[in-house]
Amino acid sequence: MGFFKKLFGGFNAKPEKRYYVFRVKCQRCGELITGRVDVDNDLSVEYEEGGEIFYVRKVLMGDGSKYCYQQIEVGLKFNKDRKLLERRVEAGGEFVE
């Protein structure tokens, strides 16, 4: 099994740092929604002047318990070490700390 692990291993973050978790608040109904990004699998690479930047776009929607189906679009940028550089809500909500 060690052979396959080396062959398909790739970049793996430590388990506690594999996910970037964030919360947004819906502009329409006020529901708090938790989102999660798998920094090993969800990111797409963009090449900029400073090097590689990793980007992900997530569209979140609440559970509908308040009869609100507002979509909240979030964009996140990470550096090559998978550290957050920039985050923004493109539509429908705002980040909650």
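Predicted model: local features only at pLDDT ≥ 70, side-chain atom pairs only at ≥ 80, totals over all residues.
Residues are numbered from 1 along each chain as its sequence is written, and side-chain values use heavy atoms, with hydrogens and water left out.

Of the 97 residues in the protein, 31% are buried, where buried means under 20% relative accessible area, exposed means over 50%, and partly exposed lies in between (1.4 Å probe, protein chains only). The protein exposes about 7,000 Å², of which carbon and sulfur atoms supply 48%; accessible areas come from the Shrake-Rupley method with a 1.4 Å probe, and for residues only the protein chains shown count as cover. Among contacts (heavy atoms within 4.5 Å) with a separation of 6 or more, 39% are accounted for by residues 24 or more positions apart.

A search of the whole structure finds three aromatic pairs, a term for rings of Phe, Tyr and Trp (its six-membered ring) whose centres lie within 6.5 Å, with planes under 30 degrees apart counted as stacked, over 60 as edge-to-face and the rest as tilted. One of them is the stacked pair of Tyr-20 and Phe-22, at 6.1 Å centre to centre and with 25° between the planes. Phe-22 also forms an edge-to-face pair with Phe-95, at 6.1 Å centre to centre and with 70° between the planes. This second pair links distant parts of the chain, since Phe-22 belongs to strand 1 (residues 19-26) and Phe-95 to strand 7 (residues 93-96), 73 residues apart. Phe-22 counts as buried because its relative accessibility is 3%, and Phe-95 is likewise buried, with a relative accessible area of 18%. Ring pairs join Tyr-20, Phe-22, Phe-78 and Phe-95 into a cluster.

Charged groups also sit over rings, which requires NZ of Lys or CZ of Arg within 6 Å of the ring centre and within 35 degrees of the ring normal. Arg-87 lies over the face of Phe-95, at 4.1 Å from the ring centre, while the charged end of Arg-82 is placed over the ring of Phe-54, 4.3 Å from its centre.

Glu-46, in strand 3 (residues 44-48), is partly exposed, with a relative accessible area of 30%. Leaving aside residues up to four places away in sequence, Glu-46 touches Gly-51, Glu-52, Ile-53, Tyr-55 and Lys-77. Glu-46 and Lys-77 are 31 residues apart in sequence and 9.6 Å apart in space, C-alpha to C-alpha.

Note on methods: Helix = DSSP H or I, 4+ residues; strand = E, 2+ residues; numbered from the N terminus.
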